[in-house]
Amino acid sequence: MEDMILSTRGLTKYYGERAVVAELDLDIRRGEIFGLLGPNGAGKTTTILMLLGLVRPTCGSAFIDGMDCLRDSVGIRSRVGYLPDQAGFYPDMTGRENLRFTGQLNGFDGWELEEWIEELLERVGMSGAGEQKVGTYSRGMKQRLGIADVLIKDPEVVIMDEPTLGIDPEGMRELTELIRCLSEVDGRTVLISSHQLHQIQQLCHRVGLFVGGRLMAWGEIDELARQVQAESGNLDEIYRKYFEKEGEYCG
Amino acid sequence: MDERVMEDRMVDLEYQDSRPPCSCGGLFVIFRKEMADHIHSRRFLLVLALIGLTSIASIYGAVSGLGQEAGAGERGMNYLFLRLFTSGSGSVPSFMSLIALLGPFVGLALGFDAINREEAEGTLNRLAAQPVYRDSIINGKFLAGAVLIGIMVFSMGLFTGAAGLLVMGVPPVGEELGRIGVFLLFTCIYICFWLALSILFSVACRHTATSVMLGIGCWIFFALFMSVVVRVLVDILCPQDQMVTLGDLMDSYSLNLGLNRLSPYYLYSEAVSTIMNPSVRSTNIILPFQMEGAVAGYLSLGQSLLLVWPHLTGLLAGGAVVFAVSYVWFMNREFRGR
């Protein structure tokens, strides 16, 4: 049996009558980069929040590294790093102060924490900007600070919600490189949610297509292409084909 | 993985093992950060300046008022030091009534954006994703505000006392110090009630503008309009033309008092004026025959305290209930993506 670090069984969330996430069975292997793809409002963020124990599922279960996401949410949150879309930082504090606060919340303190912050700032290419207030940062800088912020707890699983949103092409290239390093160099598991297929295609080992709260298909990109008989291994095309199928199914 | 990376990784692992168990320290970290935030914020400086100016103005009023009285050779100048806090002169209200009026402002200023600003800035999701229990967030915020209020109120009281001592040259006696201590404690609880209320609004409202408007609305209602509303209500419930006996009159008066005491502003004012004025013997209506045979004199601190005990529990309970509502609301709320 493969080493699954994250798995959900029948994970379901209703808001009123509407199922935002329905019967989700998701398995993610240790050390891979998994892309959760779907249009806005497909239930990606809700799924992530359920994994972190911030939203109670209506039914179903989720486990990360053997820990129950529902019962042991504090334990989960000490091992799982989460970068929300448009990660917010306290604008009146410097980048370093923001990181220090997160570090302290994770139980670090003292010179160890300072050294660790220095190392992370360097890693995300922000060592020059650590003393500036976050209010003066550009969007790309905030995103990189967000990655440093996630890494401060040295997580085994990193979850990123729309990390590439609103980043310019050059920033995007750096960001992709950083994310790739998380998996290939550090051996962390990465879960990315996105609707920007192109970047995901370059980055992910496996993807899952998420539509209307259901996981329509998952697997490696080639495999998905075979399933829909796409001519190319292009994710855009696969995605379109799935939507067409979905349309027929509904119509 | 090359060797260097492996080494780094090993260091990281060792580092991780040395990590103390988290989540219990979360409350303290949030408390410390909130404290620092308050102290560095311009808003806090503004509040401090306002309170400082108020204290100075009221001391000035009290000292000049007392000077005139002393000059006129009035008798019965006991408890002179307490008069520093309770008496004003002409246009300047007393320290006590100024605090009753402005205290809510301090509480509101410290708490009105506690939760909804974190939401608006997108920091709440990030904060909640850290390994801390969710209640540490709201507890830490309330505690930081409460401790700051305590420090502010007591330093302000000491400052006023010291200034009065310098100007008047009359030292306080032990009982007066006790009374001032109780007064300051009441003030802390009163302002904490408003802090709890403003945190409730910050949980309830998505926008900081809405929560601040609600807070100011409550403040003005309780401080200015409550008595008017109560009078109208009493008029409706016990119309004057149907009043026949003395009992009716007393009922109507008690009703008036009881309804007024629903307002924290009234409750606090009544309590502190009882504490700071030893000649007040009752907070309720007293008939002349009940006073028959009473020896004219002052109440001891213990007796004054007995009179305001219900006020103390009332204010504490009010604050606790309001905070409990915001706590439950915050804990049961589900996070959503923005």
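Mentor: Welcome! Let's begin with one rule: two strands pair if DSSP finds at least two bridges between them. The model we will read is a predicted one.

Trainee: Thanks! In which sense do strands β1 and β4 of chain A pair, and over how many bridges?

Mentor: Strand β1 (residues 4–15) and strand β4 (residues 59–64) of chain A are antiparallel partners, joined over 5 bridges. Across from A:Arg9 you will find A:Ser61, which belongs to β4(A).

Trainee: What is the order of the strands in the open sheet of chain A?

Mentor: This open sheet has 4 strands in the order β2-β1-β4-β5, with antiparallel pairing. At its edges are β2 (18–29) and β5 (67–68) of chain A, each of which pairs on one side only.

Trainee: Now a helix, please. What span should helix α4 of chain A have?

Mentor: Helix α4 of chain A covers residues 110–123, and at 1.5 Å a residue its 14 residues should span 20 Å. Its end C-alpha atoms are 20 Å apart, so the model agrees with that expectation.

Trainee: Which residues of α4(A) are buried?

Mentor: First, the general idea: an α-helix has 3.6 residues a turn, so residues three or four places apart point the same way. In α4(A), the buried residues are A:Trp116, A:Ile117, A:Leu120 and A:Leu121. They lie on the same side of α4(A) because they cover an arc of only 135 degrees around the axis. That buried set packs against α3 (95–105) and α5 (139–151) of chain A. On the face turned away from the buried side, A:Trp111 and A:Glu115 are exposed. Just after the helix, A:Gly125 takes a positive phi of about 70 degrees.

Trainee: Which residues touch the most other members of the largest nonpolar core?

Mentor: In soluble globular proteins, nonpolar side chains tend to be buried together. Here the largest nonpolar core has 138 residues, and A:Ala148, B:Ile149, B:Leu195 and B:Ala196 touch the most other members. Helix α9(B) gives this core its largest share, 18 residues. Beyond four places in sequence, the contacts of B:Leu195 include B:Gly107, B:Phe142 and B:Ile149.

Trainee: Where in chain B is confidence lowest, and where is it highest?

Mentor: Helix α1 (residues 3–17) of chain B is lowest, with a mean pLDDT of 46, while helix α9 (residues 174–204) of chain B is highest, at 94. Over residues 5–23 of chain B the pLDDT is below 50, although the model gives this stretch 17 contacts beyond near neighbours in sequence. Where pLDDT is low, the predicted coordinates should not be read in detail. Chain B as a whole averages 85. For the complex, the predictor gives an ipTM of 0.87 and a pTM of 0.88.

Terms used:
Residues are numbered from 1 along each chain as its sequence is written. Chains are lettered from A and ligands numbered from 1 in the order in which they are written. This is a predicted model: local features need pLDDT of at least 70, side-chain atom pairs count only at pLDDT 80 or more; totals for chains, interfaces and linings use all residues. pLDDT is the predictor's confidence in each residue, from 0 to 100. Helices (H or I, at least four residues) and strands (E, at least two) are DSSP runs, numbered from the N terminus. Two residues are in contact if their C-beta atoms, placed from the backbone, lie within 7 Å. A nonpolar core is a set of buried Ala, Val, Leu, Ile, Met, Phe, Trp, Tyr and Cys residues joined through C-beta atoms within 7 Å. A residue is buried if 20 or more other C-beta atoms lie within 10 Å of its own, exposed if 12 or fewer, and partly exposed in between; C-beta atoms are placed from the backbone. The expected span of a helix is 1.5 Å times one less than its number of residues. The arc is that of the directions from the helix axis to the C-beta atoms.
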